[in-house]
Amino acid sequence: MLEVKNISKSYGPIDAVKDVSFSADQGEILGFLGPNGAGKSTTMRMITGFLTPSAGTAIVNGHDITVAPVAAKKLIGYLPENAPLYAEMTTTTFLRFVAELRGYSGRVRDQKVEEGISRCQLESVRRQPLGTLSKGFKQRVCMAQAIMHDPKVLIMDEPTDGLDPNQKHVVRNMIRDMAASMTIVVSTHILEEVDAICTRAIIISAGQLVANGTPDELRRKSSLHGAVELTLSDASSDTADSLRALPSADRVETERSRYIVYPGNQETLYSEVSAMARDKEWKVTGLRTLDGRLDDVFKQLTVGGDFSNVG
Amino acid sequence: MEGLHNIVVIGKRELKSYFESPVAYVFMVVFLLLVGFLTFFVSGFYEARQADLRPFFFWHPWVYLLLVPAASMRLWAEERRTGTIELLLTMPITMVQSILGKFFAAWIFLIMALALTFPIIISTVHLGTPDAGAIAGGYIGSALLAGTYLAVGTLTSAMTRNQVISFVLALVFCFVLLIAGWQPFTSIFAMWAPEWLVSGIAAFSFMPHFESLQRGVIDLRDIVYYASVMIFMLAATHIVLDGRKGG
(Lines give C-alpha, C1' and ligand atoms only; values in the text may rest on other atoms or scores of the structure.)
Protein backbone atom coordinates (compact mmCIF):
# COMPACT_ATOMS: atom_id res chain seq x y z
CA MET A 1 0.00 0.00 0.00
CA LEU A 2 1.49 3.29 -1.12
CA GLU A 3 0.24 6.71 -0.08
CA VAL A 4 1.75 9.79 -1.60
CA LYS A 5 0.73 12.87 0.34
CA ASN A 6 1.07 16.39 -1.06
CA ILE A 7 4.55 15.67 -2.29
CA SER A 8 6.41 18.63 -3.78
CA LYS A 9 9.87 19.35 -5.07
CA SER A 10 11.19 22.75 -5.97
CA TYR A 11 14.56 23.75 -7.34
CA GLY A 12 14.84 27.40 -6.42
CA PRO A 13 11.90 29.15 -8.02
CA ILE A 14 11.03 26.20 -10.26
CA ASP A 15 8.43 23.74 -9.04
CA ALA A 16 9.37 20.39 -10.54
CA VAL A 17 6.56 18.63 -8.66
CA LYS A 18 3.74 20.47 -6.97
CA ASP A 19 1.46 19.03 -4.34
CA VAL A 20 0.93 15.60 -5.87
CA SER A 21 -1.19 13.12 -3.89
CA PHE A 22 -2.40 9.65 -4.79
CA SER A 23 -2.54 6.22 -3.29
CA ALA A 24 -2.41 2.68 -4.60
CA ASP A 25 -3.42 -0.62 -3.01
CA GLN A 26 -1.95 -4.06 -3.23
CA GLY A 27 -2.85 -5.65 -6.56
CA GLU A 28 -3.06 -2.37 -8.38
CA ILE A 29 -0.87 -1.49 -11.34
CA LEU A 30 -0.84 2.24 -11.42
CA GLY A 31 0.23 3.86 -14.68
CA PHE A 32 2.06 7.10 -14.18
CA LEU A 33 1.72 9.22 -17.29
CA GLY A 34 2.97 12.58 -18.38
CA PRO A 35 5.06 14.26 -21.04
CA ASN A 36 8.84 14.25 -20.72
CA GLY A 37 9.88 16.64 -18.01
CA ALA A 38 6.49 16.68 -16.31
CA GLY A 39 7.96 15.42 -13.04
CA LYS A 40 7.41 11.66 -13.26
CA SER A 41 11.01 10.72 -12.46
CA THR A 42 11.29 13.36 -9.76
CA THR A 43 8.16 12.04 -8.07
CA MET A 44 9.41 8.46 -8.23
CA ARG A 45 12.81 9.49 -6.88
CA MET A 46 11.10 11.10 -3.91
CA ILE A 47 8.94 8.05 -3.25
CA THR A 48 12.02 5.80 -3.29
CA GLY A 49 14.02 8.09 -1.02
CA PHE A 50 16.61 9.12 -3.58
CA LEU A 51 15.48 12.74 -3.42
CA THR A 52 14.19 14.51 -0.34
CA PRO A 53 10.81 16.15 -0.95
CA SER A 54 10.58 19.90 -0.40
CA ALA A 55 7.20 19.21 1.19
CA GLY A 56 4.90 16.24 1.71
CA THR A 57 5.89 12.60 1.91
CA ALA A 58 5.29 9.06 0.73
CA ILE A 59 4.18 6.29 3.07
CA VAL A 60 4.80 2.63 2.35
CA ASN A 61 2.78 0.24 4.50
CA GLY A 62 2.84 2.76 7.32
CA HIS A 63 6.54 3.68 7.00
CA ASP A 64 7.16 7.29 6.13
CA ILE A 65 10.07 7.61 3.69
CA THR A 66 11.15 10.95 5.17
CA VAL A 67 10.99 9.75 8.77
CA ALA A 68 12.03 6.09 8.58
CA PRO A 69 13.81 5.82 5.23
CA VAL A 70 15.51 2.47 5.87
CA ALA A 71 12.30 0.75 7.00
CA ALA A 72 10.43 2.13 4.00
CA LYS A 73 13.20 1.27 1.54
CA LYS A 74 13.13 -2.34 2.72
CA LEU A 75 9.61 -2.61 1.31
CA ILE A 76 10.31 -0.80 -1.93
CA GLY A 77 11.74 -2.19 -5.14
CA TYR A 78 12.95 0.37 -7.62
CA LEU A 79 13.85 0.20 -11.26
CA PRO A 80 15.40 3.59 -12.10
CA GLU A 81 15.16 5.15 -15.53
CA ASN A 82 17.70 3.73 -18.02
CA ALA A 83 18.56 0.86 -15.65
CA PRO A 84 21.89 2.11 -14.25
CA LEU A 85 24.30 -0.72 -13.38
CA TYR A 86 27.92 -1.16 -12.30
CA ALA A 87 29.52 -1.85 -15.66
CA GLU A 88 32.41 -3.97 -14.38
CA MET A 89 30.29 -6.38 -12.31
CA THR A 90 28.77 -9.51 -13.76
CA THR A 91 25.11 -10.38 -13.48
CA THR A 92 25.75 -12.81 -10.64
CA THR A 93 28.14 -10.64 -8.64
CA PHE A 94 25.81 -7.68 -8.96
CA LEU A 95 22.75 -9.61 -7.83
CA ARG A 96 24.74 -11.10 -4.97
CA PHE A 97 25.79 -7.59 -3.91
CA VAL A 98 22.17 -6.42 -3.91
CA ALA A 99 21.07 -9.54 -2.03
CA GLU A 100 23.62 -8.80 0.68
CA LEU A 101 22.48 -5.21 0.97
CA ARG A 102 18.94 -6.53 1.24
CA GLY A 103 20.12 -8.54 4.24
CA TYR A 104 20.35 -12.04 2.76
CA SER A 105 23.35 -14.21 3.46
CA GLY A 106 24.66 -17.70 2.82
CA ARG A 107 22.37 -20.12 1.08
CA VAL A 108 19.35 -17.81 1.10
CA ARG A 109 21.39 -15.19 -0.70
CA ASP A 110 22.46 -17.61 -3.41
CA GLN A 111 18.91 -18.82 -3.74
CA LYS A 112 17.64 -15.23 -4.19
CA VAL A 113 20.26 -14.66 -6.89
CA GLU A 114 19.22 -17.84 -8.72
CA GLU A 115 15.56 -16.90 -8.42
CA GLY A 116 16.27 -13.51 -9.97
CA ILE A 117 18.23 -15.11 -12.80
CA SER A 118 15.43 -17.49 -13.65
CA ARG A 119 12.55 -15.03 -13.16
CA CYS A 120 14.16 -12.45 -15.40
CA GLN A 121 15.62 -14.99 -17.87
CA LEU A 122 19.24 -14.02 -17.36
CA GLU A 123 20.73 -17.50 -17.59
CA SER A 124 22.64 -16.75 -20.79
CA VAL A 125 24.37 -13.66 -19.37
CA ARG A 126 25.06 -14.70 -15.81
CA ARG A 127 28.84 -14.36 -16.10
CA GLN A 128 28.88 -11.41 -18.45
CA PRO A 129 30.03 -7.94 -17.34
CA LEU A 130 26.97 -5.71 -17.14
CA GLY A 131 28.60 -3.03 -19.25
CA THR A 132 28.57 -5.35 -22.25
CA LEU A 133 24.87 -6.24 -22.07
CA SER A 134 22.20 -5.05 -24.48
CA LYS A 135 19.56 -2.62 -23.30
CA GLY A 136 16.98 -5.36 -22.89
CA PHE A 137 19.23 -7.44 -20.66
CA LYS A 138 20.28 -4.43 -18.62
CA GLN A 139 16.65 -3.64 -18.01
CA ARG A 140 16.03 -7.20 -16.88
CA VAL A 141 19.06 -7.32 -14.58
CA CYS A 142 17.84 -4.14 -12.99
CA MET A 143 14.37 -5.66 -12.74
CA ALA A 144 15.81 -8.73 -11.01
CA GLN A 145 17.44 -6.40 -8.51
CA ALA A 146 14.15 -4.57 -7.92
CA ILE A 147 11.99 -7.64 -7.25
CA MET A 148 14.52 -9.78 -5.40
CA HIS A 149 13.09 -9.09 -1.93
CA ASP A 150 9.43 -9.42 -2.98
CA PRO A 151 8.77 -5.74 -2.33
CA LYS A 152 5.40 -4.46 -1.19
CA VAL A 153 5.72 -1.51 -3.54
CA LEU A 154 7.46 -1.73 -6.88
CA ILE A 155 8.34 1.53 -8.60
CA MET A 156 9.43 1.33 -12.22
CA ASP A 157 10.54 4.31 -14.25
CA GLU A 158 9.88 3.61 -17.92
CA PRO A 159 10.67 -0.10 -17.78
CA THR A 160 9.93 -0.72 -21.45
CA ASP A 161 11.70 2.33 -22.83
CA GLY A 162 14.07 1.41 -25.62
CA LEU A 163 13.03 -2.25 -25.77
CA ASP A 164 11.94 -4.02 -28.93
CA PRO A 165 8.32 -5.23 -29.16
CA ASN A 166 9.18 -8.77 -28.01
CA GLN A 167 11.09 -7.53 -25.00
CA LYS A 168 8.27 -5.15 -24.16
CA HIS A 169 5.89 -8.06 -24.23
CA VAL A 170 8.09 -10.06 -21.85
CA VAL A 171 8.39 -7.17 -19.41
CA ARG A 172 4.63 -6.49 -19.49
CA ASN A 173 3.87 -10.11 -18.76
CA MET A 174 6.26 -10.06 -15.84
CA ILE A 175 4.62 -6.97 -14.42
CA ARG A 176 1.19 -8.51 -14.75
CA ASP A 177 2.32 -11.77 -13.10
CA MET A 178 3.74 -9.97 -10.08
CA ALA A 179 0.85 -7.62 -9.53
CA ALA A 180 -1.24 -9.73 -7.15
CA SER A 181 1.21 -9.58 -4.26
CA MET A 182 2.33 -5.97 -4.52
CA THR A 183 1.52 -2.41 -5.45
CA ILE A 184 3.07 -1.44 -8.74
CA VAL A 185 3.65 2.06 -10.03
CA VAL A 186 4.94 2.19 -13.55
CA SER A 187 5.73 5.36 -15.45
CA THR A 188 5.48 5.43 -19.18
CA HIS A 189 4.66 7.67 -22.05
CA ILE A 190 3.44 4.81 -24.17
CA LEU A 191 -0.32 4.96 -23.88
CA GLU A 192 -1.03 1.50 -25.25
CA GLU A 193 0.92 0.22 -22.27
CA VAL A 194 -1.66 1.69 -19.93
CA ASP A 195 -4.40 -0.28 -21.65
CA ALA A 196 -2.23 -3.36 -21.75
CA ILE A 197 -1.33 -3.57 -18.07
CA CYS A 198 -2.62 -0.78 -15.84
CA THR A 199 -5.64 -1.01 -13.61
CA ARG A 200 -5.53 2.71 -13.01
CA ALA A 201 -3.65 5.68 -14.37
CA ILE A 202 -2.68 9.10 -13.18
CA ILE A 203 -1.56 11.90 -15.45
CA ILE A 204 0.89 14.54 -14.37
CA SER A 205 1.58 17.73 -16.27
CA ALA A 206 4.04 20.49 -15.37
CA GLY A 207 4.49 18.92 -11.96
CA GLN A 208 0.81 18.75 -11.12
CA LEU A 209 -1.63 15.89 -11.03
CA VAL A 210 -4.27 16.46 -13.69
CA ALA A 211 -6.12 13.14 -13.83
CA ASN A 212 -6.56 9.98 -11.78
CA GLY A 213 -8.82 7.13 -12.86
CA THR A 214 -9.17 3.78 -14.59
CA PRO A 215 -8.24 3.77 -18.28
CA ASP A 216 -11.97 3.71 -19.10
CA GLU A 217 -12.70 6.66 -16.88
CA LEU A 218 -9.90 8.61 -18.48
CA ARG A 219 -11.12 7.76 -21.94
CA ARG A 220 -14.49 9.21 -21.02
CA LYS A 221 -12.80 12.58 -20.68
CA SER A 222 -11.86 12.41 -24.32
CA SER A 223 -13.81 14.68 -26.63
CA LEU A 224 -14.10 11.62 -28.86
CA HIS A 225 -15.94 9.69 -26.18
CA GLY A 226 -19.48 8.95 -27.40
CA ALA A 227 -18.74 10.25 -30.89
CA VAL A 228 -20.19 8.24 -33.78
CA GLU A 229 -18.01 7.16 -36.63
CA LEU A 230 -19.76 6.62 -39.92
CA THR A 231 -18.14 5.25 -43.05
CA LEU A 232 -19.95 5.46 -46.38
CA SER A 233 -19.17 4.16 -49.82
CA ASP A 234 -21.28 6.83 -51.52
CA ALA A 235 -20.32 9.96 -49.64
CA SER A 236 -21.44 13.20 -51.21
CA SER A 237 -20.65 16.82 -50.50
CA ASP A 238 -23.78 17.47 -48.49
CA THR A 239 -23.43 14.45 -46.18
CA ALA A 240 -21.46 16.40 -43.60
CA ASP A 241 -24.04 19.18 -43.63
CA SER A 242 -26.90 16.75 -43.07
CA LEU A 243 -25.05 15.17 -40.15
CA ARG A 244 -24.25 18.53 -38.64
CA ALA A 245 -27.96 19.37 -38.70
CA LEU A 246 -28.82 16.50 -36.37
CA PRO A 247 -30.15 17.75 -33.02
CA SER A 248 -27.66 15.70 -30.96
CA ALA A 249 -24.61 16.51 -33.08
CA ASP A 250 -22.05 19.03 -31.98
CA ARG A 251 -19.63 19.09 -34.89
CA VAL A 252 -18.52 16.81 -37.68
CA GLU A 253 -15.06 15.91 -38.88
CA THR A 254 -14.55 14.43 -42.32
CA GLU A 255 -11.77 12.32 -43.67
CA ARG A 256 -12.55 11.09 -47.19
CA SER A 257 -15.58 8.82 -46.75
CA ARG A 258 -15.30 8.68 -42.97
CA TYR A 259 -17.30 10.99 -40.77
CA ILE A 260 -16.86 11.52 -37.05
CA VAL A 261 -19.88 13.14 -35.43
CA TYR A 262 -19.01 14.64 -32.05
CA PRO A 263 -21.83 14.41 -29.58
CA GLY A 264 -23.90 17.26 -28.17
CA ASN A 265 -26.01 14.58 -26.54
CA GLN A 266 -24.41 11.14 -26.26
CA GLU A 267 -27.62 9.27 -25.42
CA THR A 268 -29.41 9.87 -28.69
CA LEU A 269 -26.63 10.51 -31.17
CA TYR A 270 -26.15 6.96 -32.40
CA SER A 271 -29.85 6.33 -33.07
CA GLU A 272 -30.18 9.67 -34.87
CA VAL A 273 -27.25 8.95 -37.13
CA SER A 274 -28.43 5.46 -37.95
CA ALA A 275 -31.97 6.72 -38.59
CA MET A 276 -30.65 9.37 -40.98
CA ALA A 277 -28.52 6.85 -42.81
CA ARG A 278 -31.60 4.64 -43.27
CA ASP A 279 -33.82 7.52 -44.39
CA LYS A 280 -31.33 8.87 -46.90
CA GLU A 281 -30.46 5.32 -48.04
CA TRP A 282 -26.71 5.89 -47.64
CA LYS A 283 -24.54 2.88 -48.38
CA VAL A 284 -23.12 2.39 -44.90
CA THR A 285 -19.94 0.32 -44.58
CA GLY A 286 -19.27 1.12 -40.95
CA LEU A 287 -21.11 2.67 -38.04
CA ARG A 288 -19.91 2.64 -34.44
CA THR A 289 -19.76 4.62 -31.23
CA LEU A 290 -16.24 5.57 -30.14
CA ASP A 291 -14.91 5.05 -26.62
CA GLY A 292 -12.51 7.90 -26.80
CA ARG A 293 -8.78 7.59 -27.04
CA LEU A 294 -6.23 7.89 -24.26
CA ASP A 295 -3.78 9.83 -26.37
CA ASP A 296 -6.52 12.32 -27.01
CA VAL A 297 -7.11 12.76 -23.26
CA PHE A 298 -3.38 12.89 -22.70
CA LYS A 299 -3.05 15.67 -25.24
CA GLN A 300 -6.00 17.62 -23.83
CA LEU A 301 -4.62 17.50 -20.31
CA THR A 302 -0.93 18.01 -20.88
CA VAL A 303 -0.48 20.33 -23.83
CA GLY A 304 1.33 23.45 -22.75
CA GLY A 305 2.75 21.68 -19.74
CA ASP A 306 5.96 20.49 -21.29
CA PHE A 307 8.90 21.76 -19.29
CA SER A 308 11.60 19.56 -20.66
CA ASN A 309 14.30 21.38 -18.69
CA VAL A 310 12.99 20.12 -15.37
CA GLY A 311 14.09 16.65 -14.18
CA MET B 1 25.57 -4.90 13.63
CA GLU B 2 23.45 -4.42 10.54
CA GLY B 3 25.31 -1.16 10.02
CA LEU B 4 28.67 -2.88 10.07
CA HIS B 5 27.37 -5.58 7.73
CA ASN B 6 26.29 -2.92 5.22
CA ILE B 7 29.62 -1.11 5.44
CA VAL B 8 31.40 -4.39 4.73
CA VAL B 9 29.16 -5.21 1.76
CA ILE B 10 29.66 -1.74 0.21
CA GLY B 11 33.37 -1.85 0.96
CA LYS B 12 33.86 -5.29 -0.56
CA ARG B 13 32.23 -4.24 -3.81
CA GLU B 14 34.29 -1.08 -3.97
CA LEU B 15 37.57 -2.82 -3.27
CA LYS B 16 36.83 -5.46 -5.87
CA SER B 17 36.00 -2.80 -8.41
CA TYR B 18 39.52 -1.42 -8.07
CA PHE B 19 40.94 -4.76 -9.11
CA GLU B 20 38.36 -5.40 -11.82
CA SER B 21 39.71 -2.47 -13.78
CA PRO B 22 43.35 -1.70 -14.64
CA VAL B 23 43.28 1.19 -12.13
CA ALA B 24 44.59 -0.87 -9.24
CA TYR B 25 47.56 -2.31 -11.11
CA VAL B 26 48.55 0.93 -12.76
CA PHE B 27 48.28 2.69 -9.43
CA MET B 28 50.40 0.18 -7.56
CA VAL B 29 53.10 0.00 -10.21
CA VAL B 30 53.35 3.78 -10.49
CA PHE B 31 53.38 4.17 -6.71
CA LEU B 32 56.17 1.65 -6.23
CA LEU B 33 58.26 2.95 -9.10
CA LEU B 34 57.89 6.52 -7.99
CA VAL B 35 58.66 5.86 -4.34
CA GLY B 36 61.58 3.63 -5.30
CA PHE B 37 63.01 6.13 -7.73
CA LEU B 38 62.79 9.02 -5.29
CA THR B 39 64.22 7.02 -2.41
CA PHE B 40 67.13 5.42 -4.21
CA PHE B 41 68.10 7.94 -6.86
CA VAL B 42 67.02 11.31 -5.54
CA SER B 43 67.65 10.78 -1.84
CA GLY B 44 70.54 8.41 -2.40
CA PHE B 45 69.31 5.81 0.09
CA TYR B 46 72.22 3.42 -0.45
CA GLU B 47 74.88 6.08 -0.65
CA ALA B 48 73.88 7.34 2.81
CA ARG B 49 74.62 3.85 4.10
CA GLN B 50 72.33 4.37 7.04
CA ALA B 51 69.77 1.88 8.30
CA ASP B 52 67.16 4.59 8.41
CA LEU B 53 63.94 4.89 6.41
CA ARG B 54 63.71 8.67 6.64
CA PRO B 55 64.72 9.17 2.97
CA PHE B 56 61.91 6.74 2.08
CA PHE B 57 59.11 8.25 4.14
CA PHE B 58 60.18 11.76 3.28
CA TRP B 59 58.64 11.40 -0.17
CA HIS B 60 55.31 9.93 0.84
CA PRO B 61 53.43 13.21 1.32
CA TRP B 62 54.47 14.25 -2.21
CA VAL B 63 53.79 10.95 -3.90
CA TYR B 64 50.40 10.71 -2.20
CA LEU B 65 49.60 14.19 -3.36
CA LEU B 66 49.62 12.94 -6.91
CA LEU B 67 48.30 9.41 -6.48
CA VAL B 68 45.68 9.46 -3.73
CA PRO B 69 43.41 11.87 -5.62
CA ALA B 70 43.70 9.46 -8.56
CA ALA B 71 42.50 6.61 -6.35
CA SER B 72 39.68 8.60 -4.82
CA MET B 73 38.36 10.54 -7.79
CA ARG B 74 35.97 7.86 -8.96
CA LEU B 75 34.47 6.96 -5.58
CA TRP B 76 31.37 9.14 -5.91
CA ALA B 77 31.88 10.94 -9.20
CA GLU B 78 31.56 7.65 -11.10
CA GLU B 79 28.38 6.69 -9.25
CA ARG B 80 26.91 10.01 -10.17
CA ARG B 81 28.01 9.91 -13.78
CA THR B 82 26.61 6.45 -14.45
CA GLY B 83 23.51 6.91 -12.31
CA THR B 84 24.26 3.91 -10.08
CA ILE B 85 24.08 6.30 -7.13
CA GLU B 86 20.33 6.05 -7.61
CA LEU B 87 20.49 2.31 -6.96
CA LEU B 88 22.88 2.68 -4.07
CA LEU B 89 20.97 5.35 -2.21
CA THR B 90 17.61 3.62 -2.62
CA MET B 91 18.92 0.46 -0.94
CA PRO B 92 17.87 0.00 2.69
CA ILE B 93 21.11 1.42 4.04
CA THR B 94 22.07 4.82 5.41
CA MET B 95 24.23 7.35 3.67
CA VAL B 96 26.81 7.09 6.48
CA GLN B 97 27.17 3.38 5.75
CA SER B 98 27.75 4.02 2.04
CA ILE B 99 30.30 6.75 2.71
CA LEU B 100 32.21 4.66 5.25
CA GLY B 101 32.11 1.53 3.11
CA LYS B 102 33.60 3.32 0.15
CA PHE B 103 36.13 5.21 2.24
CA PHE B 104 37.46 2.13 4.03
CA ALA B 105 37.65 0.18 0.77
CA ALA B 106 39.81 2.87 -0.80
CA TRP B 107 41.90 3.15 2.33
CA ILE B 108 42.52 -0.58 2.44
CA PHE B 109 43.55 -0.38 -1.18
CA LEU B 110 46.08 2.37 -0.41
CA ILE B 111 47.40 0.41 2.56
CA MET B 112 47.84 -2.61 0.29
CA ALA B 113 49.96 -0.47 -2.05
CA LEU B 114 51.94 0.80 0.93
CA ALA B 115 52.47 -2.73 2.21
CA LEU B 116 54.04 -3.67 -1.11
CA THR B 117 56.97 -1.40 -0.26
CA PHE B 118 58.11 -4.04 2.30
CA PRO B 119 61.34 -4.89 0.41
CA ILE B 120 62.70 -1.56 1.60
CA ILE B 121 62.66 -2.89 5.15
CA ILE B 122 64.77 -5.82 3.98
CA SER B 123 67.20 -3.32 2.47
CA THR B 124 67.60 -1.46 5.74
CA VAL B 125 68.24 -4.69 7.58
CA HIS B 126 70.96 -5.35 5.04
CA LEU B 127 72.50 -1.94 5.76
CA GLY B 128 72.51 -2.23 9.52
CA THR B 129 70.20 -2.51 12.49
CA PRO B 130 67.17 -0.31 11.88
CA ASP B 131 65.03 1.12 14.64
CA ALA B 132 61.92 -1.02 14.50
CA GLY B 133 59.91 1.63 16.31
CA ALA B 134 60.76 4.29 13.74
CA ILE B 135 59.80 1.96 10.89
CA ALA B 136 56.48 1.07 12.49
CA GLY B 137 55.81 4.73 13.27
CA GLY B 138 56.68 5.71 9.75
CA TYR B 139 54.32 3.15 8.26
CA ILE B 140 51.50 4.04 10.63
CA GLY B 141 52.03 7.72 9.88
CA SER B 142 52.10 7.06 6.17
CA ALA B 143 48.87 5.05 6.34
CA LEU B 144 47.17 7.79 8.33
CA LEU B 145 48.41 10.41 5.91
CA ALA B 146 47.05 8.41 2.97
CA GLY B 147 43.69 8.12 4.77
CA THR B 148 43.58 11.85 5.34
CA TYR B 149 44.32 12.67 1.69
CA LEU B 150 41.71 10.09 0.80
CA ALA B 151 39.08 11.76 2.97
CA VAL B 152 39.76 15.01 1.15
CA GLY B 153 39.49 13.14 -2.17
CA THR B 154 36.22 11.57 -1.08
CA LEU B 155 34.78 14.99 -0.47
CA THR B 156 35.88 16.39 -3.83
CA SER B 157 34.61 13.26 -5.57
CA ALA B 158 31.16 13.81 -4.08
CA MET B 159 31.18 17.40 -5.28
CA THR B 160 31.22 16.60 -8.99
CA ARG B 161 30.33 13.99 -11.57
CA ASN B 162 33.56 14.74 -13.41
CA GLN B 163 36.54 12.69 -12.26
CA VAL B 164 39.10 15.12 -13.62
CA ILE B 165 37.62 18.00 -11.65
CA SER B 166 37.54 15.79 -8.58
CA PHE B 167 41.21 14.93 -9.09
CA VAL B 168 42.35 18.52 -9.52
CA LEU B 169 40.32 19.80 -6.58
CA ALA B 170 41.68 17.09 -4.29
CA LEU B 171 45.22 17.79 -5.41
CA VAL B 172 44.96 21.53 -4.77
CA PHE B 173 43.17 21.02 -1.46
CA CYS B 174 45.77 18.53 -0.22
CA PHE B 175 48.62 20.66 -1.48
CA VAL B 176 47.45 23.63 0.56
CA LEU B 177 47.05 21.50 3.68
CA LEU B 178 50.45 19.98 3.11
CA ILE B 179 52.48 23.05 2.41
CA ALA B 180 50.96 25.09 5.25
CA GLY B 181 53.21 23.26 7.67
CA TRP B 182 56.17 22.40 5.47
CA GLN B 183 59.36 23.79 6.91
CA PRO B 184 60.78 25.68 3.89
CA PHE B 185 57.39 27.31 3.46
CA THR B 186 56.82 28.20 7.10
CA SER B 187 60.29 29.71 7.37
CA ILE B 188 59.48 32.19 4.60
CA PHE B 189 56.25 32.93 6.40
CA ALA B 190 58.03 33.29 9.76
CA MET B 191 60.13 36.19 8.47
CA TRP B 192 57.24 38.60 8.77
CA ALA B 193 54.38 36.82 10.57
CA PRO B 194 54.23 36.41 14.35
CA GLU B 195 55.31 33.09 15.75
CA TRP B 196 51.87 32.10 17.10
CA LEU B 197 50.24 32.60 13.68
CA VAL B 198 52.83 30.51 11.89
CA SER B 199 52.54 27.64 14.32
CA GLY B 200 48.76 28.03 14.36
CA ILE B 201 48.52 27.57 10.61
CA ALA B 202 51.13 24.84 10.64
CA ALA B 203 49.07 22.96 13.20
CA PHE B 204 46.37 22.48 10.57
CA SER B 205 48.84 21.00 8.17
CA PHE B 206 49.52 17.30 7.56
CA MET B 207 53.26 17.83 7.66
CA PRO B 208 54.31 18.35 11.31
CA HIS B 209 52.15 15.41 12.36
CA PHE B 210 53.72 13.22 9.75
CA GLU B 211 57.25 14.27 10.71
CA SER B 212 56.84 13.34 14.36
CA LEU B 213 55.44 9.90 13.43
CA GLN B 214 58.40 9.38 11.11
CA ARG B 215 60.71 9.72 14.05
CA GLY B 216 58.90 6.80 15.60
CA VAL B 217 57.04 8.95 18.10
CA ILE B 218 53.46 7.81 18.19
CA ASP B 219 51.81 10.75 19.84
CA LEU B 220 48.10 10.55 20.59
CA ARG B 221 47.74 14.16 19.44
CA ASP B 222 48.88 13.23 15.93
CA ILE B 223 46.47 10.34 15.76
CA VAL B 224 43.66 12.58 16.99
CA TYR B 225 44.64 15.15 14.39
CA TYR B 226 44.42 12.69 11.51
CA ALA B 227 41.22 11.14 12.80
CA SER B 228 39.54 14.50 13.18
CA VAL B 229 40.50 15.65 9.68
CA MET B 230 39.11 12.40 8.27
CA ILE B 231 35.88 12.69 10.25
CA PHE B 232 35.50 16.31 9.24
CA MET B 233 35.99 15.55 5.53
CA LEU B 234 33.62 12.57 5.60
CA ALA B 235 30.99 14.59 7.44
CA ALA B 236 31.37 17.26 4.77
CA THR B 237 30.91 14.52 2.14
CA HIS B 238 27.67 13.56 3.85
CA ILE B 239 26.49 17.16 3.75
CA VAL B 240 27.37 17.49 0.07
CA LEU B 241 25.55 14.26 -0.87
CA ASP B 242 22.55 15.21 1.26
CA GLY B 243 22.54 18.57 -0.42
CA ARG B 244 22.27 16.84 -3.79
CA LYS B 245 19.24 14.92 -2.53
CA GLY B 246 17.58 17.98 -1.16
CA GLY B 247 18.72 20.29 -3.99
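1. Two residues are taken to be in contact if their C-beta atoms, placed from the backbone, lie within 7 Å. On that basis, residues 24 or more positions apart account for 68% of the contacts in chain A with a separation of 6 or more. The model is a predicted one, and the remarks that follow should be read accordingly.

2. On overall architecture, the secondary structure of chain A comprises eleven helices and 14 strands. Its C-alpha atoms fill a box of roughly 80 × 45 × 35 Å along the principal axes. Of the 311 residues in chain A, 42% count as buried.

3. Chain A is divided into domain 1, covering 2-220, and domain 2, covering 228-290. Taken over C-alpha atoms, the centres of domain 1 and domain 2 of chain A are separated by 45 Å.

4. The two chains touch: 21 residues of chain A are in contact with 20 residues of chain B. On the chain A side, helix H2 (69-74) and helix H3 (91-101) each supply at least two residues.

5. The axes of H3(A) and helix H5 (residues 135-147) of chain A come within 10 Å and cross at roughly 25°. An angle under 35 degrees counts as roughly parallel, and H3(A) is therefore roughly parallel to H5(A). H3(A) passes H5(A) in a right-handed crossing. Thr91(A), Phe94(A), Leu95(A) and Val98(A) of H3(A) make the contact with Val141(A), Ala144(A) and Gln145(A) of H5(A). These residues divide into five nonpolar, two polar and no charged.

6. The crossing of H14(B) past H15(B) is left-handed. In this contact, His209(B), Ser212(B) and Leu213(B) from H14(B) meet Asp222(B), Tyr225(B) and Tyr226(B) from H15(B). The contact residues divide into three nonpolar, two polar and one charged.

7. Met276(A) lies in helix H10 (residues 266-279) of chain A. Is this residue buried, exposed or partly exposed? Met276(A) has 18 C-beta neighbours inside 10 Å and therefore counts as partly exposed, since burial requires 20 or more. Leaving aside neighbours within four places in sequence, Met276(A) is in contact with Ser242(A) and Leu246(A). The C-alpha atoms of Met276(A) and Gln145(A), 131 residues apart along the chain, are separated by 60 Å.

8. Most residues other than glycine have a negative phi. Phi of Asp19(A), however, is near 55°, a positive value. Asp19(A) lies in strand E2 (residues 14-24) of chain A and is partly exposed, with 14 other C-beta atoms within 10 Å.

9. Asn82(A) has a phi near 65°, again a positive value in a residue other than glycine. Asn82(A) is placed in the loop between strand E6 (76-79) and H3 of chain A. With 18 other C-beta atoms within 10 Å, Asn82(A) is partly exposed.

Notes:
Residues are numbered from 1 along each chain as its sequence is written. Chains are lettered from A and ligands numbered from 1 in the order in which they are written. This is a predicted model: local features need pLDDT of at least 70, side-chain atom pairs count only at pLDDT 80 or more; totals for chains, interfaces and linings use all residues. Domain bounds come from an automatic or database domain assignment. A crossing is left-handed if the near helix is turned anticlockwise from the far one by less than a right angle, and right-handed if clockwise. Helices (H or I, at least four residues) and strands (E, at least two) are DSSP runs, numbered from the N terminus. Ala, Val, Leu, Ile, Met, Phe, Trp, Tyr, Cys and Pro count as nonpolar, Asp, Glu, Lys and Arg as charged, and the others, Gly among them, as polar. A residue is buried if 20 or more other C-beta atoms lie within 10 Å of its own, exposed if 12 or fewer, and partly exposed in between; C-beta atoms are placed from the backbone. Axes are lines fitted to C-alpha atoms, for helices over the stretch in contact, and angles run from 0 to 180 degrees between N-to-C directions. Angles under 35 degrees count as roughly parallel, over 145 as roughly antiparallel, 65 to 115 as roughly perpendicular and the rest as oblique.
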